[in-house]
Amino acid sequence: MMVARTLSVALLGMTGAVVEVEAHIANQIPGFQLIGLPDAALSDAKDRVRAAAANNGCPLPAKKIVVNLSPASLPKQGSTYDLAIAVAVLAAEGGIAVDAISSVVHLGELSLDGRVRPMQGLLPAMVAARAAGFRRFVVPRGNEDEAMLVPDVEVMTVASLREALIRHGADLEPNPVETIRQIALSPPAPSAGDLADVVGNPDAVEALVVAAAGGHHLMMLGPPGAGKTMLAERLPGLLPDLDAEQSLVVTSLSSLSGRPVNGLLTRPPLESPHHTSSAAALVGGGSKVIRPGAAARAAHGILFLDEAPEFPTAVLDALRQPLESGSITIHRAAAVAHFPGRFQLVLAANPCPCGQFGTSDIPCTCTPIMRRRYLSRMSGPLLDRVDLQLRVKRVTTSAVRLMSDEGSRVSTRTARLRVEQARAVARERLAGTVWKTNAEVPGSWFRSGERRLPIGATAAIDRALERGSLTMRGYDRVLRVAWTIADLEGASTPTSDHVGWALFLRKSVAS
């Protein structure tokens, strides 16, 4: 009887726990028992491992095999334990030295012919194991580019179980096989156009710059063809590159979503789910394996909801908690998963079901009740968390004639330079805090100490608060926008004009 141990990783959301894979072989009635709370996919590992080992010239012994995944109280999901199970069992049989695998983390699914399939979530799994103090990894060759992103570790990539055993010292002849590559589950996002393509709507263009500079949420209300989608698609181009920490988070989420990772992602993501999406598709979920939703995949980027009133109200309201806390928590009976939820929400909506309310050329066929019912699908508590709420009008003939005048349009490059300069000012002001943009700062911080604005500067929002047209949350959000506008204009503190413009950007829809 012999026991061999190696390591793997259990992922739950973005967090991972190191799992010790123990294999025991006894001279009893032949069988293969897998214990330690495996799910259905993991329970099938015994058949995959047996077939893969036989097809690689190292069949499992006809004895009683028991594999334990420790800690046994932690639920285990997926098929990425296959390689660790196979290596532990064959080490327990004596095919390789037990000490050679005891401190090595093995990740990867086995095919029936013994090749190692690439896995989803390799990057966060390796980061979790490295944080736990482990530095040696054996991973699928199909994940090689992704594995190389983790610094200060020793990575061995293998294409088959046979190759892994040889690398651990097994006396087997090499048998080169074709590497299984990862297949993209979704097409790459199209490249964003230039902001200079936007004709007219200077207020909307400026609101876009303000949203990018401060990380503020944005809602655009206007008839079809007003350019709402065009504006939203150009917002990611105004954002600065991701820093090292943000790049790792965004790349890890991309890996968890099953997208091939060839390097660290440095640009903010854009997610635009369809209005038929469920709450689980939007924020994440799953009955067994908890996967990130569109909101999590949009972390440090943009979540764009086109035709927002067409989304079910319950689905939209699922965003209220992430918008407030900056994190997504998904509760299931067996576990709780956490995902990052710090994204910029961009909503686009028509003013009514027919979309023509407020236009001068086509009459609206909707009754007032129909218009109210349509927009009420976006609840008040949700809209109260949206900093900028702007009406977007259709482009007129005079605006089209200005297309030839380059001076009347703002390019993405020019706007992005303004955004980067404003963020640098905010970063200097927020030095020593945990916040990076004005949108993350609590309102109490702007209302206290030397940052408290004089009564003359806040008179407009003080009156709105007294009348009840502005909540306290809305008051704080107007203050944040005012500081962003001041940063864009190079002012040391916001003036009454900055506060008034911020109030207009928030109340434009309601006015």
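View 1. Trp435 is partly exposed at 21% relative accessibility (partly exposed lies between buried, under 20% relative accessible area, and exposed, over 50%; 1.4 Å probe, protein chains only). The model is predicted: local features need pLDDT of at least 70 and side-chain atom pairs pLDDT 80 or more, while totals for chains, interfaces and linings use all residues. Residues are numbered from 1 along each chain as its sequence is written, and side-chain values use heavy atoms, with hydrogens and water left out. Trp445 is buried, at 16%.

Rings of Phe, Tyr and Trp (its six-membered ring) pair if their centres lie within 6.5 Å, with planes under 30 degrees apart counted as stacked, over 60 as edge-to-face and the rest as tilted.

View 2. Trp435, Trp445, Phe446 and Trp483 are linked into a cluster by ring pairs. Arg451 lies over the face of Trp445, 3.8 Å from the ring centre (criterion: NZ of Lys or CZ of Arg within 6 Å of the ring centre and within 35 degrees of the ring normal).

**View 3. The aromatic pair Trp501 and Phe504.** These rings are stacked, 5.2 Å centre to centre with 20° between the planes. Trp501 is partly exposed at 23%, as is Phe504 at 34%.

**View 4. The surroundings of Gln356.** Gln356 is buried, with a relative accessible area of 13%. Residues that Gln356 touches include Pro224, Ile362 and Arg394 (contact: heavy atoms within 4.5 Å).

Methods
Lists of a residue's contacts leave out its neighbours within four places in sequence.
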